[in-house]
Amino acid sequence: MGIVFAVISGKGGVGKTTTSANLAIGTAMEGKKTVVVDFDIGQRNLDMILGLENRVVYDITHIMDGEANLSQALIKDKKNENLYFLAASQTKDKSVLERDKVKHLIDDLKENFDYIFLDSPAGIEGGFEHTIHYADNVIVVVNPEVSSIRDADRVIGLVDAKSHKAKAGETVGKFLLINRIDPELIEKNEMIATDDILDILSVTLLGKVPEDKRVIDASNTGKPVILHKESEAGKAYRRISKRLCGEDVPFEDVENAPSKGIMGKIKGLFK
Amino acid sequence: MNVKQYTIKVFEIMVDDEAGFLAFVEKNEVLLRRHLLLLKGDVSPEIETFLQKKEIAFTKNIPTTSSKKESQGFTKKSGLEILDKMVRSGQEIATQKDLLALKRINSGATIKTEGNLIALSTVEGAIECNGDFMLLKPSKKSYIKFNGADISQEMEADIFYKIYLKQDEIIISPYKGVISWA
């Protein structure tokens, strides 16, 4: 039986889709049979980030409507044989999702995969509820700033109230991924420190990902940062994927800027 | 014609000493400004002009039937509720009892009590307490209302405060002791 992770945030633009894509590739690289499902119906993005947009024939709504079966709609990654992708519809809206059908789909995926990542839409309506409803674990993505943290707090509360597991008296695993940590801003005290975020949200820390300009280029070119060997964000996603696969990887100090190089050091001297 | 019915809270004040009353209003101006005063006893023209100048709404000598002593706590129930979970954004906890909140009350969360409130962790959300007593540690983000009065601006962040009613006056005092029993 596979494990279902819902990637949620509340606020938009914090990096849910990037996180889903990178962690799916990461766990697939660790040898787990992984599928990543785009639940952002009507605003399909994950296919582009994964570089698979030209391969989408059927999407999740076709499965819901019975026009295609699961094996037809699943897209297999060319570079990694463990990685599969299920696209969202770009044309229909969220109302096509029905709870029973979503449950059926997720049950099917659990039969066939080790790890299932559900990329949730922003906000707290329809699509979001479907992703958390049958999730075993949620990965909450936040940026170190107040509105993102408050929205994360709100969705964690909703997970506790609405998920199937929570209703059955079991607990849903809740993990925090702090994304876009900017060492320069942390140094200037303009970003909220990790300890304070953990204090406010009180969920288990899964990982910290530093701000990395390569992420944008990676999205544009369809080659996620985790595949860039020298990218700091990519390395962070690599570590997080290993943690998800049960490896005990220590937390790196991404809050402090890496050595600035000789010019940076000299500038520092004359500050 | 458009008719609406409202339930409003009033401060009922028996005026027996003009100087004392004026001093009381002066001292509690912030609290009283947004409320209606129901004045009883000897209301002199000086008092009326004073209140008009302060822009405090008042009315006088309307007969009320409620017994004064029991006016507190008619919706309050006895008993203590212990809240051992963090209150997250969007959650609202309402109780008619006394409430002991052990964990954080986050930004965007709301707590309403008819009874007393003790909150031991940081409060960033909104609090409405209609009890006689409150002990809490506000933050810059918190909104705190005690018996209808917004007292958020009267306190500094990250210090424990005792807030209580003493003869219908709200006393806010920093709590200097260490809270060690939770």
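Modeller: Of the 182 residues of chain B, 39% count as buried, where buried means under 20% relative accessible area, exposed over 50% and partly exposed in between, with a 1.4 Å probe and protein chains only. This is a predicted model, in which local features need pLDDT of at least 70 and side-chain atom pairs count only at pLDDT 80 or more, while totals for chains, interfaces and linings use all residues. Residues are numbered from 1 along each chain as its sequence is written, chains are lettered from A and ligands numbered from 1 in the order written, and side-chain values use heavy atoms, without hydrogens and water.

Colleague: How many helices and strands does chain B have?

Modeller: Helices (H or I, at least four residues) and strands (E, at least two) are DSSP runs, numbered from the N terminus. The C-alpha trace of chain B spans about 55 × 40 × 30 Å along its principal axes. Within chain B there are three helices and 14 strands.

Colleague: How far apart do the C-alpha centres of domain 1 and domain 2 of chain B lie?

Modeller: Domain bounds come from an automatic or database domain assignment. Domain 1 of chain B covers 10-60 and domain 2 covers 80-174. The C-alpha centres of these two domains of chain B are separated by 28 Å.

Colleague: Which side chains meet in a salt bridge at 3.0 Å?

Modeller: A salt bridge is a side-chain nitrogen of Lys or Arg within 4 Å of a carboxyl oxygen of Asp or Glu. Between domain 1 and domain 2 of chain B the count is one salt bridge. With a distance of 3.0 Å from N to O, the partners are Lys27(B) and Glu169(B).

Colleague: Which elements give two or more residues to the side of domain 1 of chain B that touches domain 2 of chain B?

Modeller: Domain 1 of chain B brings seven residues into contact (heavy atoms within 4.5 Å) with six residues of domain 2 of chain B. There are also two residue pairs in polar contact between these domains of chain B, both at pLDDT 80 or more; such a contact is a pair of N or O atoms within 3.5 Å, where within protein one must be able to donate a hydrogen and the other to accept it, and residues adjacent in sequence count only if both atoms are side-chain atoms. The elements are helix H1 (18-27) and helix H2 (29-32) of chain B.

Colleague: Which three residues supply 54% of the area that chain B buries against chain A?

Modeller: Buried area is the accessible area (1.4 Å probe) that two parts lose on being put together, summed over both. Between chain B and chain A it is about 880 Å², with 41% from carbon and sulfur atoms. The three residues that supply more than any other three are Arg88(B), Ser89(B) and Arg104(B).

Colleague: With which residue of chain A does Arg104(B) meet in a salt bridge?

Modeller: Two salt bridges are found across the interface of chain B and chain A. In one of them, with 3.6 Å from N to O, the side chain of Arg104(B) meets that of Asp199(A).

Colleague: Why does Lys208(A) count as buried?

Modeller: Lys208(A) is found in strand E8 (residues 204-210) of chain A. Its side chain reaches the backbone oxygen of Glu252(A) at 3.3 Å, and a polar contact of 3.2 Å joins it to the side chain of Glu255(A). Lys208(A) counts as buried because its relative accessibility is 12%.
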